[in-house]
Amino acid sequence: MQEPGFWDDQKRAAAVSADHSRTTRKLESFRTLESEIDDLETLSGLAAEDGSLEAELADQLADVERRLDELEEQRLFQGRYDAGDAVVTVHSGAGGTDSQDWAEILLRMYLRWAQRRGFEVELTEASPGEEAGLKSATFVVRGENAYGLFSAEKGVHRLVRLSPFDAAHRRHTSFALVEVSPLVEDDVDVEIDDNDLRIETYRASGAGGQHVNKTDSAVRITHIPTKIVVQCQNERSQSSNKQTAMKLLRSKLVELQEQRRREELAREKGEAQDVAWGSQIRSYVLHPYTMVKDHRTGYEMGDANRVLDGDLDGFVHEYLVKSAGA
C-alpha cells in the first residue's frame with residue numbers, strides 16, 4: 001500500500017485496502033485474546049486461593065471461549081470468494097401453495113439471520129405465488145464472509161407440517177431450493193456472449209414503490225446455454241434493473257464454474273456429488289414433533305421456531321468445520 005502509484009488504480013487499491021482491513025482485524029483479535037488468556041492464568045491462580053473470584057473467572061473464561069470460536073470461524077473461510085458478498089435465491093419446489101409458503105418462510109429466516117450477523121441485505125426480486133408465498137426470491141447479502149457463510153445453505157430444504165392450506169389439516173411435505181453465488185465484480189473473467197442472452201421486460205409485482213405495475217421496468221435475462229434465469233425489479237428504471245440482472249448473471253456463472261470444479265475434484269476422489277434438487281441438506285419437522293436436522297453433519301435442534309427465526313449459527317458452524325476437515 002506504500003508503493004508509489006498504489007492509489008492510481010482505484011479498484012485494485014480498494015480491494016487491497018479491504019483485504020488489509022480484514023487481516024488487521026483478525027490480527028488484533030488474536031493479540032487481544034493472547035493478552036486476555038495471560039490475564040486468565042493470573043486470575044485462575046488467585047481464584048484457587050480466593051473462592052469469591054470463581055464466578056468472575058467463569059464469566060471471563062466464557063467470554064474468551066466465545067471470541068475464540070469466532071476467530072476459529074474466520075479460519076474456515078479459505079475459498080476464493082468466501083470473504084465477499086453473496087447472491088442468494090430461494091425457489092419453491094413441487095407442492096403448490098405449501099411449497100411457495102415454505103419458500104417465503106425460508107426467505108424470512110435468512111433475512112433474520114443476516115440481520116443477526118450484521119449484514120446489509122438488498123432484495124432484488126420476489127415472484128409471488130398464486131395464492132400465497134413465493135415462487136422465487138433473490139437477495140444480495142453484503143458483509144465480511146457473507147458468501148462463505150451463506151454457501152453452507154446451498155441445497156434442498158424440506159419442511160414437514162400440518163398444512164394451513166389443507167381444509168382437512170393433513171400433514172404435508174414441502175421442498176425449497178436455495179442457490180448461493182458469490183457477488184463478483186465486472187473484471188472477473190466470465191465470458192458472456194450477447195447472442196446467448198434472451199432479455200425480457202415485464203411489470204414488477206408486489207411492494208416496490210409507485211412505479212410497480214405501471215411500467216415494464218422489471219428485467220428478466222435468460223442465459224440460453226446454461227438455462228440460468230435472473231431477474232431484477234427493485235430499481236426504478238429498466239436500465240438499472242438490467243445492469244443489476246447482468247451482475248447477478250455473472251455471479252451465477254461464476255458459481256457454476258466453481259460447482260463444476262468441485263464436481264471434478266469430487267470425481268477424482270470418488271466422492272458423491274451434490275446435484276441441485278437431489279441434495280437434500282436439512283429437514284424442518286413441525287409435526288408430529290419439532291426438530292430441525294442437518295443431514296450432512298447430524299447437527300440438530302429441537303426448537304424449530306427458534307431456527308426459523310434466524311438462529312442458524314450452529315448449523316452453519318458445524319458444516320463449515322466438517323467441510324474444512326474433509
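This is a predicted model: local features need pLDDT of at least 70, side-chain atom pairs count only at pLDDT 80 or more; totals for chains, interfaces and linings use all residues.

Colleague: How do you know what span to expect for α7?

Modeller: The expected span is 1.5 Å times one less than the number of residues. Helix α7 covers residues 313-325, which is 13 residues, and the expected value is 18 Å. From first C-alpha to last, α7 reaches 18 Å, close to that expectation.

Colleague: On to the sheets. What is the strand order in the open sheet of 8 strands?

Modeller: The order is β2-β3-β1-β5-β4-β9-β10-β11, and the pairing is mixed.

Colleague: Why do you say β2 and β11 stand at the edges?

Modeller: β2 (120-128) and β11 (300-301) each have a single partner strand, so one side of each has no neighbour in the sheet.

Colleague: What makes β9 and β10 a pair?

Modeller: A pair needs at least two bridges. Strands β9 (residues 280-285) and β10 (residues 291-294) are joined by 4 bridges and run antiparallel, so they pass that cut-off. Arginine 282 sits opposite aspartate 294 in β10.

Colleague: And which strands does helix α3 touch?

Modeller: Helix α3 (residues 96-116) packs on the sheet and touches β1 (86-92), β2, β3 (134-142), β4 (155-162), β5 (171-182) and β9. The direction of α3 makes about 45 degrees with that of β5.

Colleague: Which residues have the most contacts inside the largest nonpolar core?

Modeller: Those are Leu106, Met109, Tyr110, Phe150, Tyr284 and Val307, in a core of 56 residues. Helix α3 gives the most to this core, with 8 residues. Leaving out residues up to four places away in sequence, leucine 106 touches Val90, His157, Ala176, Val178 and Tyr284.

Colleague: Now the rings. What makes phenylalanine 6 and tryptophan 7 an aromatic pair, and is it stacked or edge-to-face?

Modeller: Ring centres have to lie within 6.5 Å, and planes over 60 degrees apart count as edge-to-face. For phenylalanine 6 and tryptophan 7 the values are 4.9 Å and 85 degrees, so this is an edge-to-face pair.

Colleague: Are those two residues buried or exposed, or something in between?

Modeller: Buried means under 20% relative accessible area, and exposed means over 50%. Phenylalanine 6 has 5%, so the residue is buried.

Colleague: Why is the pair of phenylalanine 139 and phenylalanine 150 called edge-to-face?

Modeller: Their ring centres are 6.1 Å apart and their planes stand at 75 degrees, so the label holds. Phenylalanine 139 is in strand β3 and phenylalanine 150 in helix α4, so the pair ties together parts 11 residues apart in sequence. Phenylalanine 139 is buried at 0% relative accessible area, and phenylalanine 150 is buried with a value of 0%.

Colleague: Which aromatic cluster includes Phe139 and Phe150?

Modeller: The one formed by Tyr110, Trp113, Phe139 and Phe150.

How values were computed. Residues are numbered from 1 along each chain as its sequence is written. Side-chain values use heavy atoms; hydrogens and water are left out. Helices (H or I, at least four residues) and strands (E, at least two) are DSSP runs, numbered from the N terminus. Contact means heavy atoms within 4.5 Å. Axes are lines fitted to C-alpha atoms, for helices over the stretch in contact, and angles run from 0 to 180 degrees between N-to-C directions. A nonpolar core is a set of buried Ala, Val, Leu, Ile, Met, Phe, Trp, Tyr and Cys residues joined through side-chain atoms within 4.5 Å. Buried means under 20% relative accessible area, exposed over 50%, partly exposed in between (1.4 Å probe, protein chains only). Rings of Phe, Tyr and Trp (its six-membered ring) pair if their centres lie within 6.5 Å; planes under 30 degrees apart count as stacked, over 60 as edge-to-face and the rest as tilted.
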